[in-house]
Amino acid sequence: MLRGSLSIPRPAAAAPRKLNQRRDISSWLAKWFPKAPAKSVVALKTPIKVELVAGKTYRWCVCGRSKKQQPFCDGSHFFQRTGLSPLKFKVQETRVVALCTCKATQKPPYCDGTHRSERVQKAEVGSPL
Ligand code: FES
């Protein structure tokens with residue numbers, strides 16, 4: 001059989017890649033590491049009282065997207081690619097404190113009463129302020 005005697009159409013071949021051609025990873029980087037971080041969202045509109053143990057490290061949710069462990073981080077900031085990070089903190093003595101869940105406090109991670117403001121009370125849970 002002679003070459004080219006079959007008349008089966010073949011799909012157009014992709015342009016051949018040059019050896020050692022660098023892949024464009026900028027879109028991949030932008031997807032996982034956004035230049036501008038996302039805004040925090042209102043997780044709840046009231047603080048949560050928790051007992052903090054002296055010397056233990058806590059990670060307070062900054063993004064407001066933590067569903068399982070509010071007011072603490074569950075890793076949602078990473079998987080939702082917010083560009084935000086949790087706030088790590090320790091306390092000197094064991095005590096019960098009110099931790100912010102509206103994410104509008106001026107004294108993170110503690111509640112400072114900002115959740116009572118009209119701005120927070122009118123906001124929807126899960127939406128940015
Ligand atoms: S819950 Fe955010 S300031 Fe009180």
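Leaving aside neighbours within four places in sequence, S127 is in contact with V41 and V42, where contact means heavy atoms within 4.5 Å. S127 lies in the segment after α3 (118–122), and its C-alpha atom is separated by 9.7 Å from that of R65, a residue 62 places away along the chain. The model is predicted, so that local features need pLDDT of at least 70 and side-chain atom pairs count only at pLDDT 80 or more, while totals for chains, interfaces and linings use all residues. Residues are numbered from 1 along each chain as its sequence is written, and side-chain values use heavy atoms, with hydrogens and water left out.

The protein has three helices and four strands, which follow the pattern α-β-β-α-β-β-α along the sequence; helices (H or I, at least four residues) and strands (E, at least two) are DSSP runs, numbered from the N terminus. Among contacts between residues at least 6 apart in sequence, 61% join residues at least 24 apart.

Residues 45–80 are 11% helix and 25% strand, with end C-alpha atoms 22 Å apart, and residues 84–121 are 11% helix and 24% strand, with end C-alpha atoms 24 Å apart.

There are two cavities of 30 Å³ or more, a cavity being a set of points, on a 1 Å grid over the protein atoms alone, where a 1.4 Å probe fits but cannot get out, with lining residues having an atom within 4 Å of a point. Grid points are joined across faces, edges and corners, and a volume is the space filled by probe spheres set on the points. The largest cavity, of about 50 Å³, has a lining that includes C61, C63, C73, D74 and H77. The second largest cavity, of about 40 Å³, is lined by residues including C100, C102, C111, D112 and H115, and its lining has four nonpolar, five polar and one charged residues, where Ala, Val, Leu, Ile, Met, Phe, Trp, Tyr, Cys and Pro count as nonpolar, Asp, Glu, Lys and Arg as charged, and the others, Gly among them, as polar.

Finally, buried residues (under 20% relative accessible area, 1.4 Å probe, protein chains only) make up 30% of the 129 residues.

Notes
On a 1 Å grid over the protein atoms alone, a cavity is a set of points where a 1.4 Å probe fits but cannot get out, and a pocket is an open set with protein on both sides within 12 Å along at least five of seven lines; lining residues have an atom within 4 Å of a point. Buried means under 20% relative accessible area, exposed over 50%, partly exposed in between (1.4 Å probe, protein chains only).
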